[in-house]
Amino acid sequence: MAYRPLQEEFRQIPPVTKLYTCGCIVTTIAVQLEIVSPFQLYFNPDLIFKQFQIWRLATTFLYFGNFGFHFFFNVLFTYRYCRLLEEGSFRGRTADFFVMFLFGGTLTIVIAFFVNLVFLGQAFTMMLVYIWSRRNTYIRMNFFGLMNFEAPYLPWVLFGFSLLLGNPIIVDLMGIAVGHCYYHLEDVFPRTPGGFKVIWTPEFLKAILDGQPEDPNYMPMPEEERPGGYDWGEGGPVQDEEQQDDEQPQNNDN
């Protein structure tokens, strides 16, 4: 039956990606059905710390607005790059991925105290895109057939796209800044002379989230489907193409 492939695909989505994406969709549906109001979800320090509405620390990341192009664009990017990270550089390290979520969410909230933003989901999505782009430096991407670039430029291309559409650029800048902080502390600083690991994952989280064996039927996204969203990123790593060019003369000589 038709629902079985969808059910199987849903089961193969990694846990953190599944939880976060479903949370965004369910929250938006609840707002559309008027079960909750956006006024109950947005980030408000006074309500959080004076009236103890702690849930706002989470719901501010779950609401992307009413159903429409903006909502589907953000949810698609959130799902895609969240899954690419969880199935790629965080494969088998769900606890580390969860800690990255906590780090990114916490730092985004700290910055939100100083800027006038009430919903932080788009900034969080940009953080995911930035981290993925820095860990996949040789992926070539294509922006709607207009320009080709390598993955590290993707956040800045999206930033320019937002600028052209007249969207608030502070959102994208927040996500880029938070993503750069995580990337530098996790991937760069520990490898420098005298550097050390700054972001630690508690052992109890590893025991809870990494302790279960991997599903034998689990299949991550194929590599050729990983580079981007909306058919961005046709092709493969730059190194592979260079190796093919180097090997071609040898084959002709033979």
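How many of the 19 residues of α5 are buried, and is the helix enclosed or open? In the predicted model, 14 of the 19 residues of α5 are buried (under 20% relative accessible area, with a 1.4 Å probe and protein chains only), so α5 is largely enclosed by the rest of the structure. Residues are numbered from 1 along each chain as its sequence is written, and side-chain values use heavy atoms, with hydrogens and water left out. Because the model is predicted, local features need pLDDT of at least 70 and side-chain atom pairs count only at pLDDT 80 or more, while totals for chains, interfaces and linings use all residues.

Helix α5 spans residues 69-87; helices are DSSP runs of H or I with at least four residues, strands are E runs of at least two, and both are numbered from the N terminus. From its first C-alpha to its last, α5 reaches 27 Å, close to the 27 Å expected at 1.5 Å a residue, the expected span being 1.5 Å times one less than the number of residues.

Strands β1 (residues 140-143) and β2 (residues 147-150) pair in the antiparallel sense over four bridges, where pairing requires at least two DSSP bridges. Phe143 has Met147 in β2 as its bridge partner. The two strands, β1 and β2, form a hairpin with three residues between them, and Phe144 in the turn has a positive phi of about 50°.

Ser133 belongs to helix α7 (residues 121-135) and counts as buried at 0% relative accessibility. Leaving aside residues up to four places away in sequence, Ser133 touches Ala151, Pro152 and Pro155 (heavy atoms within 4.5 Å).

Cavities and pockets were identified on a 1 Å grid over the protein atoms alone: a cavity is a set of points where a 1.4 Å probe fits but cannot get out, a pocket is an open set with protein on both sides within 12 Å along at least five of seven lines, and lining residues have an atom within 4 Å of a point. Volume is the space filled by probe spheres set on the points, which are joined across faces, edges and corners. One cavity of 30 Å³ or more is present. The largest cavity holds about 40 Å³ and is lined by Asp96, Val99, Tyr182, Glu186, Lys197, Ile199 and Thr201.

The second largest pocket holds about 370 Å³. Its lining has 14 residues, with Tyr20, Ala58, Phe61, Phe101 and Leu102 nearest the centre. The largest share of this lining, six residues, comes from α6.

Notes: Buried means under 20% relative accessible area, exposed over 50%, partly exposed in between (1.4 Å probe, protein chains only).
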